[in-house]
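Subject: Structure handover

Hello,

Here is the structure I said I would pass on.

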Amino acid sequence: MKLEIPFMPLLSIALLLAASFALGALPLTRWAVRLLGGKDLRRLGTGNVGVSAAFIHGGKLAGIAAVLAEIARGILPVLAGRFWFPDSPAIALLIPLVAARYAIARGGGVTNAVWGLLVFSPPVALSSGIWGLLVWGLARRWWQKGDRARLFASRCGCLCTPIWVWVWRQSLPEFLAAAGLGVLLAAINLSQGDDMALSKSEKLFSLDDSLDAAICGDKAARLSQLKRANFNVPSGWILLNESGIGHRASGIGDGGNAEELSISDALIENLKSKIQNRMIVRSSAAGEDGDFSSAAGQYQTIGPVSTEAELIDAINRCRQSYWTSEAVAYRRERQLPDTQMAVLIQPYIEGKVAGVMFSRNPLDGGYQIIIEALPGGAESVVGGQVTPVHLEVDFTGSETLEQNLSEIEISSIIDKKIIAELVKQAQAIEAFFHGIPQDIEWSWDGEKVWILQSRPITNLQPFWTRTIAAEVIPGAIRPLTWSINRPLTCGVWGEIFRVVLGEKAAHLNFNETATLLGSHAYFNATLLGEIFRMMGLPEQGLEFLLRGQKMGKPPLGKILPSLPGLWRLVRRERALNAEFKGDRTSIFLPAIESLEKSEKEEGRRKREEGRGKNEEGILIPNAQFPMPNAQFPIPHAQCPMPHAQLPMPNYQDLRKLLDKSEQIQEWLKPITYYNIIGPIGLAIRKAIFRVPDEWLDNENAPEIASVRALQQLADKLREAAISESEETISTAQLTRVFAESSGLQAEFSQWLDSYGYLSEVGTDIAVATWREQPEVYQKLLVNMALKSAVTNSAEKGKLSLTFWQKWRLDKCRERAIVKNEISEIYARLLADLRWTFLAIEACGLEMQVFQEPGDIFYLEFGEIQQWIRSGASVSFQETIALRRDRLLADRDRPIPPVVYGNLLPNSQKRSIELAESATNIMQGIPASIGCVEGFVKICRTANTDLGESAIAVVPYTDAGWAPLLLGATAIIAEVGGQLSHGAIIAREYKIPAVMNIAEATTRLRDGQKVRVDGYLGTVELLE
């Protein structure tokens, strides 16, 4: 019996060791993958039958089953050892299990060891894991390669385990067992292949997958997007090459002698099983076919290939082309980093006709689809050695495709059906890529058109959009206005985006935010699109800029990195009311008071000198608008009549005026910031709290207040005329009553004094203010009095709102009031800036620097500064004449909503009958409900005489248009939305209105009968 006592524990230990070895030898992972994935791991990848291989080759379900099986296998021996021998080092049982897993089951045993160690001692397992993560982080910083760092960290974690066992357990047997297990795991790790690394370097991604352009290249990524969107794209598989790229740098310029990369037989077999017929091997490098670089012709495309040997050779030749001296020089010139070359393998399309097409004219972005074709494969067209058939299909109007094709001389190699399909595909692909013009490679195999490649037309960069600019500064713009507005606008937007993006905005040039094309303002959609992407906004952001589509909701994962910057912007927006009130008191009101004081002193000085007086001793504000029969005074005028017999002004006076203009521009900088942030903040608040426009009272808005005040004066004039005669009043009678009433004249003068800073375009200092043309607004006053009084929305205050609705309204009301106060100060400062330039111009007219009023607005501010500061004798006549002619030509030409590149496309004027022959209905943005039939009156300026019951068609609707719009039965505007000035006025006075009807002033004609539906946002042609 004494001999049997030690024998039984030894026997039990031996049995446990044997059982652990037998348990490790069971091919559990291989069974799980075979059962759930239908694959044999021994024949795939590295041949390693491990958990990572199960996920990579067997799929998610097989991988999860393998993980659970290996967890159970690792835990079971440790629990058994603790149960039979509580005081023994149960961790030792993992050694035979791991050894059997490697020797027989062909696994690594890491999963078994980790979970067994966790059951044995959680502190030891956690300490080893944390240590491994720290080592991994440091290794990644050192090697910059994820796989190498990951493997090094894994081995360090294994080898450090005995140290943590000693720290936490302080048991020599357990330390020795842990040391043996650690050494065994590290040795196995060194000897086994790495399926995870192999999956990255030789995994076959499919074009049916969502591909990352940074990994698979832009070419494959774009084709993947098209294929998943059901375009006719051939199937394809992408072979990555993470390993084997970097060491090629030493072989630059000698690509033919560079060593070939090894490609596994399993990979080739896999490719051959997917593509039964001939194949084509194409490059798909990072940066190739990108937004700003095409890399056309830099890398090799090889095909067709048939045999395995040809396929291996083609893959290697394609990879080696990444390191030719020409390709490297191209990347250096374009400042593209050396990254990696993915290889795209596709079935070879046996094309009967093939070629390339551009979704827009690649020269100027015009409305022509360019198609080039040759018999055979597309490479013959791309190669440039044969002249292809060249076709241009104009899609300027909405004419049917058959009408367009009937004018094209069709070649014998391509018929109209194919062209029709190509045009359809080109337009659909451009629309799919958010309106970005595309360079498309295609092939027709006798049955269908295949899309082989699509990339942006790189020379049509950047994209310029009128989507926002048309509302901010509409119409044709003179150089002086632009030279002042551009730095103000770009500077403010740059400041806003720097707040949000922080250091990420360092490389952005915000001076390129806006430009003039055809004398019209455009915003840089390419720059704004890049900013949108950096902020995590959806891809529809670019489509909003280029095509006017609605913005989608940003995915939370992409916007999270920008949350700190957005929060900084939100904090600024929330503090805007308080900051503006402070600046209003300390900066803006004193500035306006000082300008008014300076204006009065200047007027007093000129009266004392006897300069610039009319019969009554009243100064005329601008000689461009003389009023010989004026019957009421115009207060605060400052500009002398240019032809008065006066002493020649000196440069000291001009420098004072120049200093004044520079000071006003300094005041404009902060108010421009408020003028941009204020409306954005209000729009966001209205969207968040769901406050409709009808709830907000815009009584303090200059455009509303001025119209209401003028309407009240018109009502008084009407009452005075009716009191004299009970008969129907006439224009002549109203004019006479006004001329005889000093009280009405005084009230009108007061109205003009209060709102005379407004103009047709508040942001354009070249446009005359109301104060400068009182006869126009006297006529409008008479016209308003002639009509019945319009019931305005004063009853808004009687809106019955619930407590919840009132709470929501309170969140927006104060911001709306502040926004209107900002608009008033902004408009006042711009008006004073205009009047200052008119004073400079008046001096220039006397000095014969200018020839006629308005000349100064054809100069840039820098040119005016140089002239006055230098004091030299100058002549601007030739420059002004050229710029005036250009502006006149640009004013009436059709202005495209989007310009691709820096050149306006050549365009021809189109009549509305052709442009809308299909439906006779134009779709815009509904702005004010109501449906009206009537006759069109084209109004290019606010001075246009509408006549009776006319539908006003206007290019834009700034605050200065308000009096004119009141006389219209309906409003059609080329630009603007539901929050534009015209829309607000229309809703206020119940006038049907439709905004955003492109080129309405050129497509419609005077006297044309139309139906305007302000609810549907449509304009229907009735003749």
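This is a predicted model: local features need pLDDT of at least 70, side-chain atom pairs count only at pLDDT 80 or more; totals for chains, interfaces and linings use all residues.

Helix packing

Two packed helices are described by the angle between their axes and the distance between the axes.

The crossing of H3 with H4 is right-handed. On the H3 side the contact uses Val51, Ala54, Phe55 and Gly58, and these meet Lys60, Ala62, Gly63, Ile64, Ala66, Val67 and Glu70 of H4. Sorted by class, the residues of this contact are seven nonpolar, two polar and two charged.

The next pair is H5 (residues 94–103) and H9 (residues 172–191). Here the axes come within 9 Å and cross at roughly 15 degrees. That angle is under 35 degrees, the limit for roughly parallel, and H5 and H9 are therefore described as roughly parallel. H5 and H9 cross in the left-handed sense. From H5, the residues involved are Leu94, Ile95, Val98, Ala99 and Tyr102; from H9 they are Ala177, Gly180, Leu181, Leu184, Leu185, Ile188 and Ser191. This contact of H5 with H9 has ten nonpolar residues, two polar ones and no charged ones.

The last pair is H27 (residues 702–724) and H29 (residues 742–755), whose axes come within 11 Å and cross at roughly 175 degrees. H27 and H29 are therefore roughly antiparallel. H27 contributes Pro702, Ala705, Ser706, Ala709, Leu710, Leu713, Lys716 and Leu717 to the contact, while H29 contributes Leu744, Glu747, Phe748, Trp751 and Tyr755. The class count for H27 with H29 is ten nonpolar, one polar and two charged.

Nonpolar cores

The largest nonpolar core has 131 residues, and the members that touch the most others in it are Ile671, Phe837 and Trp867. Helix H31 (residues 803–846) supplies the largest share of this core, with 16 residues. Another core, of 34 residues, lies apart from it; Ala220, Val233, Ile419 and Trp444 are among its members.

Setting aside neighbours within four places in sequence, Ile671 is in contact with Phe580, Phe588, Ile822, Ile825, Tyr826 and Leu829. Phe588 and Leu829 come up again as contacts of Trp667, a residue of helix H26 (residues 651–689).

Trp667 counts as buried because its relative accessibility is 18%, and the cut-off for buried is under 20%. With neighbours within four places again left out, the contacts of Trp667 are Ile587, Phe588, Ala591, Ser594, Leu595 and Leu829. Leu829 is 162 residues away from Trp667 along the chain, yet their C-alpha atoms are separated by 7.9 Å.

Ser283 lies in strand S3 (residues 279–285). Its relative accessible area is 1%, so Ser283 is buried. Beyond four places in sequence, Ser283 is in contact with Lys219, Glu288, Tyr299, Gln300, Thr301, Cys318, Met341 and Ala342.

Backbone geometry

Most residues other than glycine have a negative phi, and most peptide bonds are trans. Which places depart from this?

Two cis peptide bonds are worth noting. One runs from Gly303 to Pro304, with omega near 0 degrees, and Pro304 lies in strand S4 (residues 302–305). The other runs from Gln461 to Pro462, with omega near -5 degrees. Pro462 lies in the loop between strand S10 (449–456) and strand S11 (463–465).

Positive phi values turn up at Asn996, at about 65 degrees, and at Glu999, at about 55 degrees; neither residue is a glycine. Asn996 lies in the loop between strand S20 (993–995) and helix H37 (1000–1003), and Glu999 also lies in the loop between S20 and H37. Asn996 counts as partly exposed at 37% relative accessibility, whereas Glu999 counts as buried at 15%.

Regards

Key:
Residues are numbered from 1 along each chain as its sequence is written. Side-chain values use heavy atoms; hydrogens and water are left out. Axes are lines fitted to C-alpha atoms, for helices over the stretch in contact, and angles run from 0 to 180 degrees between N-to-C directions. Helices (H or I, at least four residues) and strands (E, at least two) are DSSP runs, numbered from the N terminus. Angles under 35 degrees count as roughly parallel, over 145 as roughly antiparallel, 65 to 115 as roughly perpendicular and the rest as oblique. A crossing is left-handed if the near helix is turned anticlockwise from the far one by less than a right angle, and right-handed if clockwise. Contact means heavy atoms within 4.5 Å. Ala, Val, Leu, Ile, Met, Phe, Trp, Tyr, Cys and Pro count as nonpolar, Asp, Glu, Lys and Arg as charged, and the others, Gly among them, as polar. Buried means under 20% relative accessible area, exposed over 50%, partly exposed in between (1.4 Å probe, protein chains only). A nonpolar core is a set of buried Ala, Val, Leu, Ile, Met, Phe, Trp, Tyr and Cys residues joined through side-chain atoms within 4.5 Å.
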